[in-house]
Amino acid sequence: MQRIDTATKAVDLFGAGKHGFKDGNQSLGIAPTDLNAAIFNAIQEEIANVIEGAGMALDPGSRTQLKEALELSNFDIGTKLLFFQAAAPIGWTQITTHNNKALRIVSGPGGGSGGSVAFTTAFASQAVNGSNSATTLTTAQTPPHPHAFNVYNTGGAGSNPSGGSGGSPSASPGTATDGGSGGSHNHTFTGTAINLAVQYIDMILASKN
Ligand SMILES: [Fe+2]
């Protein structure tokens, strides 16, 4: 945009360097402000850019296109948007109905809400506490292991060591068949429940036409 800049402009009419137009007065020898193409082209394109920028084609039969374009660029009263800043911008009021909730994108109607746990509660670092149930192992679940036993010689006075009069341990104890087979076993874990039913509000995504 520019202001009138012909030699006959009204100098500083709207402030320092802000020239304007003036009428002429023949009796006083005052010349009116001369017009040039530059000022009209500036005005024309300033207006046309607003209209065309709103996606509208210039219509020679309309006198309301600038108004319509400005209305398109404004939000209707009650429009709700997200702002990533400390406070609502001028002309907007912060809504405090919802607090400490997550945003959920939905393809159906937006504006709803749900959940039962505050955002910071649901997603806080939470320790899981609990215990395993006791399990009694079967023989098959124990690891394979030998059972040693002693073999008593029978060369003594008696064959029965418990008889008190004979028998002595052999030099090489024998080994019985392994017991157990290392089968797996389970324990049932019972821990604290973590409620992730975070509170949310339903958002929709939309693109401006
Ligand atoms: Fe175990």
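## Pairing strands and a helix residue

Mentor: Welcome! In this predicted model, Ile-105 stands opposite Met-203 in E7. Let's start from there.

Trainee: What makes E1 and E7 paired strands?

Mentor: Pairing takes at least two bridges found by DSSP. Four bridges join E1 to E7, which covers residues 200–203, so the two strands meet the cut-off and count as paired. They run parallel. One of the contacts between them links Ala-102 with its bridge partner Tyr-200 in E7.

Trainee: How do you know that E2 and E7 pair?

Mentor: The rule is the one just used: at least two bridges. E2 and E7 have two bridges, so they pair too, here in the antiparallel sense. Ser-113, for instance, has Ile-201 in E7 as its bridge partner.

Trainee: Now to a helix. Why is Ile-47 called partly exposed?

Mentor: Ile-47 sits in helix H1, residues 37–53. It has 14 other C-beta atoms within 10 Å. Buried needs 20 or more and exposed needs 12 or fewer, so a value of 14 falls in between, and Ile-47 is partly exposed.

Trainee: How far apart are Ile-47 and Ala-69 in space?

Mentor: Their C-alpha atoms are 9.8 Å apart, while 22 residues separate them in sequence.

Key. Residues numbered from 1 in each chain as written. Predicted model: local features only at pLDDT ≥ 70, side-chain atom pairs only at ≥ 80, totals over all residues.
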